[in-house]
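Below is a short briefing on one structure, arranged by topic. Please read it alongside the sequence and the coordinates.

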Amino acid sequence: MKLYHNPLSPNVRRVRLTAAVLGLELEEKVLDFSKGEHKNPEYLALNPNGAVPTLVDGDFVLTESRSIMQYLASKKPESGLLPRDEAARADVARWQFWDAAHFSPQLGNLAFEKMIKGMLGMGDPDPTKIQEALANFRRFGAVLDKRLTGRTYVVGDALTIADLTLASSLMYAKQCEAPLAEFPAVDAWFSRMTALEGWKKSA
Ligand SMILES: N[C@@H](CCC(=O)N[C@@H](CS)C(=O)NCC(=O)O)C(=O)O
């Protein structure tokens, strides 16, 4: 299986983290964004969004990081990363969708204002946008904190791709000064996630 990616992307991190936890070796093709390699016609034929990641497995081409995670996890059902039980599986999907819709956009907006704009010479951070992202981060951080209070993992009592999805969204939380400490259950859980062998391997 071949993964087109750029290692700086949280959407890529969640896929590489999943592969690392599963012990799956992927052939990796890093795309150089500064050269626009993610927008060239050959790559757009695989991923019309011109974004990373993209997985190619034989004739099958899959985009969208969270669906790639499901695909990889389903190759090793014994791992439990994608539970067999229908309710647990749906719960994992619920938290993946919740991440895509509500949680990761706040971290993405913070990273854009506080890191990416500076890196790309796109001007100063916009304080209004930072305040908005922080308010939303606090709103959804409280939801995740409530979920994780008294739990070790997001779903059930073992690691799943729900944990790997959400933790990857927090990849730049420290650099973006996201107020994680205000959410003690999230903070403690995130420390457990970053202690995983796969977290280091997927850096
Ligand atoms: N929903 C997609 C988002 C992919 C995405 O936006 N990736 C970013 C990197 S984090 C990207 O490649 N952006 C380049 C662009 O959109 O031009 C996923 O989860 O895979």
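R151 lies in the loop that connects α5 (127–148) and α6 (161–169). In this predicted model, R151 has 12 other C-beta atoms within 10 Å; 12 or fewer counts as exposed, so R151 is exposed.

**Helix α5 against helix α7**

- The axes of α5 and α7 (residues 184–194) come within 7 Å of each other and cross at roughly 75°.
- Crossing angles of 65 to 115 degrees count as roughly perpendicular, so α5 is roughly perpendicular to α7.
- On the α5 side, the contact is made by G141, L144, D145 and L148.
- On the α7 side, A185, V186 and W189 take part.
- By class, this contact of α5 with α7 has five nonpolar residues, one polar and one charged.

**Helix α4 against helix α6**

- The axes of α4 (residues 86–119) and α6 come within 9 Å and cross at roughly 0°.
- An angle under 35 degrees counts as roughly parallel, so α4 is roughly parallel to α6.
- From α4, the residues that meet α6 are V92, W95, Q96, D99, F103, S104 and L107.
- Their counterparts in α6 are I161, A162, T165, L166 and S169.
- The residues of the contact of α4 with α6 divide into seven nonpolar, four polar and one charged.

**The sheet**

- Four strands form an open sheet with mixed pairing, in the order β2-β1-β3-β4.
- The edges are held by β2 (27–30) and β4 (60–63); each has a single partner strand, so one side of each is left without a neighbour in the sheet.
- On average, and with direction ignored, neighbouring strands of this sheet are turned by 20° against each other.
- Strands of a sheet pair through backbone hydrogen bonds, either parallel or antiparallel.
- Strands β1 (residues 2–5) and β3 (residues 54–57) run antiparallel and are joined by three bridges.
- K2 has V56 in β3 as its bridge partner.

Conventions:
Residues are numbered from 1 along each chain as its sequence is written. This is a predicted model: local features need pLDDT of at least 70, side-chain atom pairs count only at pLDDT 80 or more; totals for chains, interfaces and linings use all residues. Two strands pair if DSSP finds at least two bridges between them. Helices (H or I, at least four residues) and strands (E, at least two) are DSSP runs, numbered from the N terminus. Axes are lines fitted to C-alpha atoms, for helices over the stretch in contact, and angles run from 0 to 180 degrees between N-to-C directions. A residue is buried if 20 or more other C-beta atoms lie within 10 Å of its own, exposed if 12 or fewer, and partly exposed in between; C-beta atoms are placed from the backbone. Angles under 35 degrees count as roughly parallel, over 145 as roughly antiparallel, 65 to 115 as roughly perpendicular and the rest as oblique. Two residues are in contact if their C-beta atoms, placed from the backbone, lie within 7 Å. Ala, Val, Leu, Ile, Met, Phe, Trp, Tyr, Cys and Pro count as nonpolar, Asp, Glu, Lys and Arg as charged, and the others, Gly among them, as polar.
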